[in-house]
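Please keep the sequence and the 3D view at hand while reading.

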Amino acid sequence: ETVRLKNTGLRGVTVADSAISFIDGEKGILIYRGYRIEDLVAYSTFMETSYLLLFGTLPTPEQLDSFTQQVKAMRTLPGHVIDSMRLWPKNARPMDILQASVPLLSMTKDREEGDEPDRRICLECSIGLIARLPSLVAVWHRIRTGQPILEPDPNLDHAANFLWMLQGKKPDTATAGDLDICLILHADHTFNASTFAAREVVSTRASLYAGVSAALGALSGNLHGGANTKVMEMLIKLENEPDIEQWVAGQLRRGDRLMGMGHAIYKTGDPRVAFLKTMGKRLEKQTVTKWAAISERIEKAALALFAEQGKTTILPNVDFASAPVYHLMGIPTDLMTPVFAISRVAGWCAHIIEEQFADAQGKPALYRPQAQYVGEYCGPMGCEYVPMKTR
Ligand code: CMC
(Lines give C-alpha, C1' and ligand atoms only; values in the text may rest on other atoms or scores of the structure.)
Protein backbone atom coordinates (compact mmCIF):
# COMPACT_ATOMS: atom_id res chain seq x y z
CA GLU A 1 0.00 0.00 0.00
CA THR A 2 1.19 3.50 -0.82
CA VAL A 3 2.65 5.38 2.13
CA ARG A 4 1.05 8.82 2.03
CA LEU A 5 3.58 11.66 1.93
CA LYS A 6 3.52 14.38 4.56
CA ASN A 7 3.43 17.64 2.65
CA THR A 8 6.51 19.40 3.94
CA GLY A 9 6.27 22.38 1.60
CA LEU A 10 9.76 21.57 0.28
CA ARG A 11 11.29 22.61 3.65
CA GLY A 12 15.00 21.81 3.64
CA VAL A 13 15.05 20.92 -0.08
CA THR A 14 17.72 22.78 -2.04
CA VAL A 15 16.44 23.33 -5.58
CA ALA A 16 19.03 25.51 -7.30
CA ASP A 17 22.27 27.47 -6.99
CA SER A 18 21.77 31.15 -6.26
CA ALA A 19 24.24 33.99 -5.70
CA ILE A 20 21.60 36.54 -4.70
CA SER A 21 20.94 36.14 -1.00
CA PHE A 22 21.77 33.94 1.97
CA ILE A 23 19.98 33.21 5.25
CA ASP A 24 21.34 31.48 8.32
CA GLY A 25 18.14 30.62 10.14
CA GLU A 26 19.89 29.53 13.32
CA LYS A 27 22.16 32.56 13.66
CA GLY A 28 19.59 35.04 12.29
CA ILE A 29 21.81 36.25 9.44
CA LEU A 30 20.53 37.76 6.19
CA ILE A 31 22.93 38.66 3.38
CA TYR A 32 22.29 40.18 -0.06
CA ARG A 33 25.07 39.51 -2.60
CA GLY A 34 27.60 39.12 0.20
CA TYR A 35 26.53 42.17 2.24
CA ARG A 36 24.96 41.95 5.71
CA ILE A 37 21.49 43.44 6.04
CA GLU A 38 22.74 45.46 9.05
CA ASP A 39 25.33 47.22 6.84
CA LEU A 40 22.86 47.81 4.05
CA VAL A 41 20.41 49.40 6.50
CA ALA A 42 23.20 51.55 7.94
CA TYR A 43 24.85 52.70 4.71
CA SER A 44 22.79 51.85 1.65
CA THR A 45 19.58 53.06 0.03
CA PHE A 46 16.84 51.07 -1.65
CA MET A 47 18.09 52.28 -5.04
CA GLU A 48 21.62 51.09 -4.31
CA THR A 49 20.36 47.80 -2.84
CA SER A 50 18.21 47.22 -5.94
CA TYR A 51 21.26 47.82 -8.14
CA LEU A 52 23.26 45.40 -5.98
CA LEU A 53 20.59 42.70 -6.26
CA LEU A 54 20.17 43.12 -10.01
CA PHE A 55 23.78 43.60 -11.09
CA GLY A 56 25.59 41.67 -8.33
CA THR A 57 27.99 44.42 -7.21
CA LEU A 58 27.75 47.74 -5.41
CA PRO A 59 27.52 50.55 -7.98
CA THR A 60 30.07 53.31 -8.53
CA PRO A 61 28.62 56.82 -7.96
CA GLU A 62 28.13 57.18 -11.74
CA GLN A 63 26.42 53.80 -12.03
CA LEU A 64 24.08 54.59 -9.14
CA ASP A 65 23.24 57.98 -10.58
CA SER A 66 22.48 56.51 -13.99
CA PHE A 67 20.38 53.70 -12.41
CA THR A 68 18.43 56.17 -10.26
CA GLN A 69 17.77 58.40 -13.27
CA GLN A 70 16.52 55.41 -15.26
CA VAL A 71 14.14 54.46 -12.46
CA LYS A 72 12.86 58.04 -12.15
CA ALA A 73 12.33 58.27 -15.90
CA MET A 74 10.10 55.19 -15.86
CA ARG A 75 7.81 56.05 -12.93
CA THR A 76 4.91 57.32 -15.04
CA LEU A 77 2.33 54.67 -15.90
CA PRO A 78 1.27 54.09 -19.51
CA GLY A 79 -2.14 55.64 -20.27
CA HIS A 80 -3.79 52.29 -21.04
CA VAL A 81 -3.00 51.05 -17.50
CA ILE A 82 -4.69 54.05 -15.89
CA ASP A 83 -7.64 53.83 -18.33
CA SER A 84 -8.07 50.15 -17.40
CA MET A 85 -7.82 50.83 -13.69
CA ARG A 86 -10.64 53.37 -13.88
CA LEU A 87 -12.97 50.55 -14.96
CA TRP A 88 -12.11 48.18 -12.13
CA PRO A 89 -14.28 47.72 -8.99
CA LYS A 90 -13.16 50.21 -6.35
CA ASN A 91 -13.43 47.64 -3.57
CA ALA A 92 -11.10 45.15 -5.27
CA ARG A 93 -8.24 43.78 -3.21
CA PRO A 94 -5.15 45.88 -3.97
CA MET A 95 -2.97 42.78 -4.42
CA ASP A 96 -5.37 41.58 -7.12
CA ILE A 97 -5.11 44.99 -8.77
CA LEU A 98 -1.32 44.83 -8.65
CA GLN A 99 -1.20 41.31 -9.99
CA ALA A 100 -3.58 42.24 -12.81
CA SER A 101 -1.66 45.41 -13.66
CA VAL A 102 1.81 43.97 -14.19
CA PRO A 103 0.96 42.13 -17.45
CA LEU A 104 -0.56 45.40 -18.71
CA LEU A 105 2.89 46.95 -18.39
CA SER A 106 4.28 44.34 -20.75
CA MET A 107 1.94 45.53 -23.50
CA THR A 108 4.11 48.58 -24.21
CA LYS A 109 7.25 48.57 -26.28
CA ASP A 110 9.61 48.12 -23.32
CA ARG A 111 8.56 44.47 -23.16
CA GLU A 112 10.99 41.62 -23.67
CA GLU A 113 11.40 40.65 -27.28
CA GLY A 114 12.13 37.35 -28.99
CA ASP A 115 11.69 33.80 -27.74
CA GLU A 116 14.97 33.64 -25.83
CA PRO A 117 15.52 35.93 -22.84
CA ASP A 118 17.96 38.77 -23.45
CA ARG A 119 19.82 39.91 -20.34
CA ARG A 120 19.96 43.58 -21.34
CA ILE A 121 16.24 43.75 -22.11
CA CYS A 122 15.40 41.83 -18.90
CA LEU A 123 17.41 44.34 -16.87
CA GLU A 124 15.63 47.26 -18.54
CA CYS A 125 12.25 45.66 -17.85
CA SER A 126 13.30 45.05 -14.23
CA ILE A 127 14.19 48.70 -13.79
CA GLY A 128 10.79 49.57 -15.25
CA LEU A 129 9.02 47.32 -12.75
CA ILE A 130 10.97 48.70 -9.78
CA ALA A 131 9.99 52.19 -10.99
CA ARG A 132 6.34 51.43 -11.67
CA LEU A 133 5.14 49.13 -8.92
CA PRO A 134 4.96 52.06 -6.44
CA SER A 135 3.10 54.11 -9.07
CA LEU A 136 0.61 51.27 -9.60
CA VAL A 137 -0.14 51.12 -5.87
CA ALA A 138 -0.41 54.90 -5.48
CA VAL A 139 -2.44 55.51 -8.65
CA TRP A 140 -4.88 52.72 -7.79
CA HIS A 141 -5.37 54.17 -4.31
CA ARG A 142 -6.05 57.64 -5.75
CA ILE A 143 -8.55 56.18 -8.25
CA ARG A 144 -10.39 54.04 -5.69
CA THR A 145 -10.69 56.94 -3.26
CA GLY A 146 -11.81 59.40 -5.96
CA GLN A 147 -8.75 61.63 -5.60
CA PRO A 148 -6.77 63.14 -8.49
CA ILE A 149 -3.81 61.10 -9.73
CA LEU A 150 -0.49 62.75 -8.95
CA GLU A 151 2.48 62.89 -11.28
CA PRO A 152 5.76 61.46 -9.98
CA ASP A 153 8.16 64.10 -8.67
CA PRO A 154 11.68 63.72 -10.12
CA ASN A 155 13.09 65.68 -7.18
CA LEU A 156 11.98 63.00 -4.75
CA ASP A 157 13.77 59.76 -3.95
CA HIS A 158 12.04 56.42 -4.43
CA ALA A 159 10.30 56.07 -1.04
CA ALA A 160 9.46 59.78 -0.74
CA ASN A 161 7.97 59.81 -4.24
CA PHE A 162 5.76 56.83 -3.41
CA LEU A 163 4.39 58.55 -0.29
CA TRP A 164 3.84 61.73 -2.30
CA MET A 165 1.94 59.95 -5.09
CA LEU A 166 -0.09 58.02 -2.50
CA GLN A 167 -0.86 60.71 0.06
CA GLY A 168 -0.57 63.95 -1.88
CA LYS A 169 1.84 65.57 0.54
CA LYS A 170 5.61 65.53 0.60
CA PRO A 171 6.80 63.34 3.49
CA ASP A 172 9.38 64.62 5.95
CA THR A 173 12.92 63.36 5.46
CA ALA A 174 12.81 61.04 8.49
CA THR A 175 9.62 59.25 7.36
CA ALA A 176 10.88 58.85 3.81
CA GLY A 177 14.19 57.55 5.19
CA ASP A 178 12.39 55.06 7.41
CA LEU A 179 10.32 53.76 4.49
CA ASP A 180 13.50 53.44 2.44
CA ILE A 181 14.94 51.23 5.21
CA CYS A 182 11.77 49.11 5.19
CA LEU A 183 12.24 48.66 1.44
CA ILE A 184 15.87 47.55 1.95
CA LEU A 185 14.77 45.07 4.64
CA HIS A 186 12.17 43.42 2.40
CA ALA A 187 14.09 43.45 -0.90
CA ASP A 188 15.12 39.80 -1.01
CA HIS A 189 14.86 36.58 0.97
CA THR A 190 16.24 33.57 -0.94
CA PHE A 191 13.69 31.02 -2.18
CA ASN A 192 10.60 32.26 -0.33
CA ALA A 193 7.24 31.27 -1.82
CA SER A 194 6.80 34.27 -4.12
CA THR A 195 10.37 34.19 -5.41
CA PHE A 196 10.12 30.48 -6.07
CA ALA A 197 6.83 31.09 -7.91
CA ALA A 198 8.54 33.71 -10.09
CA ARG A 199 11.48 31.41 -10.84
CA GLU A 200 9.24 28.47 -11.60
CA VAL A 201 7.16 30.51 -14.04
CA VAL A 202 10.12 31.91 -15.97
CA SER A 203 11.75 28.47 -16.10
CA THR A 204 9.14 27.76 -18.80
CA ARG A 205 10.57 30.77 -20.71
CA ALA A 206 7.53 32.81 -19.84
CA SER A 207 8.24 36.53 -19.58
CA LEU A 208 9.65 38.49 -16.66
CA TYR A 209 6.20 40.08 -16.31
CA ALA A 210 4.54 36.66 -16.07
CA GLY A 211 7.05 35.77 -13.33
CA VAL A 212 6.44 38.95 -11.33
CA SER A 213 2.69 38.60 -11.71
CA ALA A 214 2.85 35.04 -10.34
CA ALA A 215 5.07 36.23 -7.50
CA LEU A 216 2.48 38.87 -6.60
CA GLY A 217 -0.17 36.17 -6.41
CA ALA A 218 1.99 34.12 -4.06
CA LEU A 219 2.90 37.13 -1.92
CA SER A 220 -0.76 38.02 -1.40
CA GLY A 221 -1.41 34.93 0.76
CA ASN A 222 -1.78 35.33 4.51
CA LEU A 223 1.04 32.92 5.32
CA HIS A 224 3.43 35.07 3.23
CA GLY A 225 3.25 38.82 2.52
CA GLY A 226 -0.46 39.03 3.31
CA ALA A 227 0.47 38.57 6.96
CA ASN A 228 1.34 42.25 7.49
CA THR A 229 -2.22 43.33 6.65
CA LYS A 230 -3.59 40.62 8.96
CA VAL A 231 -1.27 41.77 11.76
CA MET A 232 -2.57 45.33 11.49
CA GLU A 233 -6.17 44.13 11.49
CA MET A 234 -5.36 42.19 14.67
CA LEU A 235 -3.72 45.22 16.31
CA ILE A 236 -6.70 47.43 15.44
CA LYS A 237 -9.09 44.80 16.81
CA LEU A 238 -7.12 44.67 20.05
CA GLU A 239 -6.71 48.45 20.41
CA ASN A 240 -9.42 48.64 23.05
CA GLU A 241 -9.31 45.05 24.24
CA PRO A 242 -8.60 44.92 27.98
CA ASP A 243 -7.62 41.24 28.04
CA ILE A 244 -5.23 40.79 25.16
CA GLU A 245 -3.70 37.72 26.82
CA GLN A 246 -7.11 36.02 26.94
CA TRP A 247 -7.68 36.82 23.27
CA VAL A 248 -4.31 35.33 22.27
CA ALA A 249 -5.00 32.20 24.32
CA GLY A 250 -8.42 31.79 22.67
CA GLN A 251 -6.90 32.18 19.23
CA LEU A 252 -4.34 29.43 19.85
CA ARG A 253 -6.85 27.18 21.64
CA ARG A 254 -9.03 27.25 18.53
CA GLY A 255 -5.99 26.20 16.49
CA ASP A 256 -5.86 29.51 14.61
CA ARG A 257 -2.46 30.86 13.61
CA LEU A 258 -1.27 34.09 15.14
CA MET A 259 -0.36 36.33 12.25
CA GLY A 260 3.17 37.71 12.27
CA MET A 261 4.52 34.85 14.37
CA GLY A 262 6.80 32.07 13.16
CA HIS A 263 9.09 31.65 10.20
CA ALA A 264 9.93 28.76 7.92
CA ILE A 265 13.69 29.47 8.12
CA TYR A 266 14.44 31.71 11.11
CA LYS A 267 14.26 29.62 14.25
CA THR A 268 16.03 31.94 16.71
CA GLY A 269 14.70 35.29 15.51
CA ASP A 270 14.22 37.31 12.34
CA PRO A 271 17.05 39.88 12.02
CA ARG A 272 14.73 42.40 10.35
CA VAL A 273 12.46 42.65 13.36
CA ALA A 274 14.74 44.69 15.66
CA PHE A 275 15.10 47.52 13.10
CA LEU A 276 11.35 47.71 12.62
CA LYS A 277 10.53 47.59 16.33
CA THR A 278 12.92 50.49 17.01
CA MET A 279 11.46 52.42 14.10
CA GLY A 280 7.91 51.76 15.29
CA LYS A 281 8.65 53.04 18.79
CA ARG A 282 10.22 56.19 17.36
CA LEU A 283 7.35 56.85 14.95
CA GLU A 284 4.63 56.43 17.58
CA LYS A 285 5.99 59.06 19.97
CA GLN A 286 3.33 61.53 18.80
CA THR A 287 0.37 59.16 18.67
CA VAL A 288 -2.26 58.22 21.23
CA THR A 289 -2.37 54.50 20.57
CA LYS A 290 0.74 52.68 21.64
CA TRP A 291 0.97 49.93 19.05
CA ALA A 292 4.32 48.82 20.45
CA ALA A 293 2.76 48.15 23.85
CA ILE A 294 -0.11 46.17 22.31
CA SER A 295 2.36 44.21 20.16
CA GLU A 296 4.51 43.46 23.19
CA ARG A 297 1.53 42.06 25.09
CA ILE A 298 0.56 39.85 22.15
CA GLU A 299 4.15 38.67 21.75
CA LYS A 300 4.65 37.95 25.45
CA ALA A 301 1.38 36.04 25.77
CA ALA A 302 2.01 34.07 22.57
CA LEU A 303 5.59 33.12 23.41
CA ALA A 304 4.53 31.88 26.85
CA LEU A 305 1.79 29.71 25.32
CA PHE A 306 4.05 28.44 22.52
CA ALA A 307 6.69 27.56 25.16
CA GLU A 308 4.10 25.51 27.09
CA GLN A 309 3.64 23.47 23.89
CA GLY A 310 7.41 23.14 23.46
CA LYS A 311 7.31 25.39 20.36
CA THR A 312 10.12 27.76 21.27
CA THR A 313 11.05 28.58 17.67
CA ILE A 314 7.84 30.50 16.88
CA LEU A 315 8.95 34.12 17.21
CA PRO A 316 7.81 37.48 15.79
CA ASN A 317 8.58 37.86 12.09
CA VAL A 318 9.06 40.84 9.77
CA ASP A 319 5.32 41.26 9.21
CA PHE A 320 4.60 41.51 12.93
CA ALA A 321 6.93 44.47 13.22
CA SER A 322 6.35 46.18 9.86
CA ALA A 323 2.56 46.53 10.14
CA PRO A 324 2.51 49.22 12.89
CA VAL A 325 5.39 51.04 11.16
CA TYR A 326 3.44 51.30 7.91
CA HIS A 327 0.32 52.30 9.84
CA LEU A 328 2.22 55.14 11.53
CA MET A 329 3.40 56.28 8.09
CA GLY A 330 -0.25 56.63 7.07
CA ILE A 331 -0.25 53.61 4.77
CA PRO A 332 -3.73 52.04 4.64
CA THR A 333 -3.92 48.51 6.09
CA ASP A 334 -4.80 46.85 2.79
CA LEU A 335 -1.83 48.51 1.07
CA MET A 336 0.73 46.99 3.44
CA THR A 337 1.24 43.86 1.34
CA PRO A 338 1.55 45.97 -1.84
CA VAL A 339 4.27 47.98 -0.04
CA PHE A 340 6.07 44.68 0.65
CA ALA A 341 5.77 44.02 -3.11
CA ILE A 342 7.28 47.34 -4.20
CA SER A 343 10.39 46.29 -2.32
CA ARG A 344 10.50 42.57 -3.11
CA VAL A 345 10.14 43.25 -6.84
CA ALA A 346 13.87 44.03 -6.86
CA GLY A 347 14.65 40.55 -5.53
CA TRP A 348 12.12 38.86 -7.80
CA CYS A 349 13.67 40.46 -10.87
CA ALA A 350 17.19 39.48 -9.77
CA HIS A 351 16.02 35.89 -9.25
CA ILE A 352 14.13 35.82 -12.55
CA ILE A 353 17.24 36.93 -14.41
CA GLU A 354 19.35 34.38 -12.54
CA GLU A 355 16.81 31.66 -13.37
CA GLN A 356 16.61 32.65 -17.03
CA PHE A 357 20.32 32.00 -17.47
CA ALA A 358 20.56 29.26 -14.86
CA ASP A 359 22.02 26.17 -16.44
CA ALA A 360 25.49 25.52 -17.82
CA GLN A 361 24.33 26.64 -21.27
CA GLY A 362 22.86 29.81 -19.83
CA LYS A 363 19.27 28.59 -20.26
CA PRO A 364 16.46 28.07 -17.77
CA ALA A 365 16.02 24.48 -16.64
CA LEU A 366 12.25 23.85 -16.65
CA TYR A 367 10.99 23.03 -13.15
CA ARG A 368 9.06 19.79 -13.33
CA PRO A 369 8.78 17.94 -10.00
CA GLN A 370 6.79 14.74 -9.55
CA ALA A 371 3.76 13.77 -7.51
CA GLN A 372 3.00 10.47 -5.90
CA TYR A 373 -0.31 9.34 -7.44
CA VAL A 374 -2.71 8.20 -4.72
CA GLY A 375 -5.90 8.10 -6.82
CA GLU A 376 -7.68 5.13 -8.42
CA TYR A 377 -5.46 2.78 -10.42
CA CYS A 378 -7.25 -0.07 -12.13
CA GLY A 379 -4.21 -1.28 -14.03
CA PRO A 380 -2.00 0.10 -16.80
CA MET A 381 -4.97 0.68 -19.14
CA GLY A 382 -6.79 2.73 -16.50
CA CYS A 383 -10.31 2.19 -15.12
CA GLU A 384 -13.15 1.20 -17.40
CA TYR A 385 -15.07 4.32 -18.42
CA VAL A 386 -18.73 4.02 -17.40
CA PRO A 387 -21.14 5.87 -19.69
CA MET A 388 -23.32 8.48 -17.94
CA LYS A 389 -26.63 6.63 -18.31
CA THR A 390 -25.35 3.44 -16.69
CA ARG A 391 -23.73 5.14 -13.64
N1 CMC B 1 0.52 30.62 15.20
C2 CMC B 1 0.19 29.43 15.75
N3 CMC B 1 0.85 28.29 15.51
C4 CMC B 1 1.89 28.36 14.68
C5 CMC B 1 2.30 29.55 14.08
C6 CMC B 1 1.56 30.71 14.37
N7 CMC B 1 1.88 31.88 13.80
N8 CMC B 1 3.37 29.32 13.30
C9 CMC B 1 3.63 28.01 13.38
N10 CMC B 1 2.74 27.44 14.23
C11 CMC B 1 2.67 26.03 14.61
C12 CMC B 1 1.90 25.23 13.56
O13 CMC B 1 0.53 25.19 13.85
C14 CMC B 1 2.55 23.87 13.69
O15 CMC B 1 2.03 23.21 14.80
P16 CMC B 1 1.82 21.61 14.81
O17 CMC B 1 3.19 21.04 14.60
O18 CMC B 1 1.25 21.34 16.16
O19 CMC B 1 0.89 21.32 13.68
C20 CMC B 1 4.00 24.21 13.99
O21 CMC B 1 3.99 25.50 14.59
C22 CMC B 1 4.86 24.25 12.76
O23 CMC B 1 4.21 25.04 11.78
P24 CMC B 1 4.61 25.00 10.22
O25 CMC B 1 3.69 25.85 9.43
O26 CMC B 1 4.76 23.58 9.79
O27 CMC B 1 6.07 25.54 10.34
P28 CMC B 1 6.83 26.70 9.74
O29 CMC B 1 7.79 27.10 10.77
O30 CMC B 1 7.35 26.29 8.45
O31 CMC B 1 5.74 27.88 9.51
C32 CMC B 1 4.84 29.92 8.83
C33 CMC B 1 6.10 29.08 9.00
C34 CMC B 1 5.26 31.32 8.46
C35 CMC B 1 4.00 29.33 7.69
C36 CMC B 1 4.04 29.92 10.14
O37 CMC B 1 4.85 30.29 11.22
C38 CMC B 1 2.80 30.79 10.08
O39 CMC B 1 1.76 30.36 9.57
N40 CMC B 1 2.88 32.05 10.61
C41 CMC B 1 1.76 32.97 10.55
C42 CMC B 1 1.72 33.69 9.21
C43 CMC B 1 2.85 34.67 9.06
O44 CMC B 1 3.12 35.47 9.93
N45 CMC B 1 3.48 34.66 7.89
C46 CMC B 1 4.60 35.54 7.57
C47 CMC B 1 5.88 34.78 7.41
S48 CMC B 1 7.35 35.78 7.43
C49 CMC B 1 7.41 36.86 6.11
C50 CMC B 1 6.72 36.49 4.87
O51 CMC B 1 7.00 35.46 4.28
O52 CMC B 1 5.90 37.27 4.44
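## The model

This is a predicted model, in which local features need pLDDT of at least 70 and side-chain atom pairs count only at pLDDT 80 or more, while totals for chains, interfaces and linings use all residues. Residues are numbered from 1 along each chain as its sequence is written.

## Two domains

The chain is assigned domain 1 (21-226 + 332-356) and domain 2 (227-327); such bounds come from an automatic or database domain assignment. The C-alpha centres of domain 1 and domain 2 are 26 Å apart.

Between the domains, 24 residues of domain 1 are in contact with 23 residues of domain 2. Contact here means that the C-beta atoms of two residues, placed from the backbone, lie within 7 Å. On the side of domain 1 that touches domain 2, the elements giving two or more residues are β2 (29-32), α1 (37-43), α8 (173-186) and α16 (336-356). Helices (H or I, at least four residues) and strands (E, at least two) are DSSP runs, numbered from the N terminus. The largest share of this side, five residues, belongs to α8. By class, this side of domain 1 has twelve nonpolar, nine polar and three charged residues. Ala, Val, Leu, Ile, Met, Phe, Trp, Tyr, Cys and Pro count as nonpolar, Asp, Glu, Lys and Arg as charged, and the others, including Gly, as polar.

## The ligand

Where does the ligand lie? Both domain 1 and domain 2 give residues to the shell around the ligand, so the ligand lies between them. There are 19 residues around the ligand, and Ala-227, Arg-257, Met-261, Gly-262 and Ala-264 come nearest. A residue is near a molecule if its C-beta atom, placed from the backbone, lies within 6 Å of it. The shell is made up of nine nonpolar, seven polar and three charged residues.

## Gly-226

Gly-226 sits in the loop between α10 (208-219) and α11 (227-237). Gly-226 counts as buried because it has 21 C-beta neighbours inside 10 Å; the cut-off for buried is 20 or more other C-beta atoms within 10 Å, with C-beta atoms placed from the backbone. Leaving out residues up to four places away in sequence, Gly-226 touches Ser-220, Gly-221 and Thr-337.

## A three-stranded sheet

Three strands form an open sheet in the order β1-β2-β3, with antiparallel pairing. Strands pair if DSSP finds at least two bridges between them. β1 (21-24) and β3 (35-36) are at the edges with a single partner strand each, so one side of each has no neighbour in the sheet. Two bridges join β2 and β3 in the antiparallel sense, and Ile-31 stands opposite Arg-36 in β3.

Conventions:
Buried ≥ 20, exposed ≤ 12 C-beta atoms within 10 Å, placed from the backbone.
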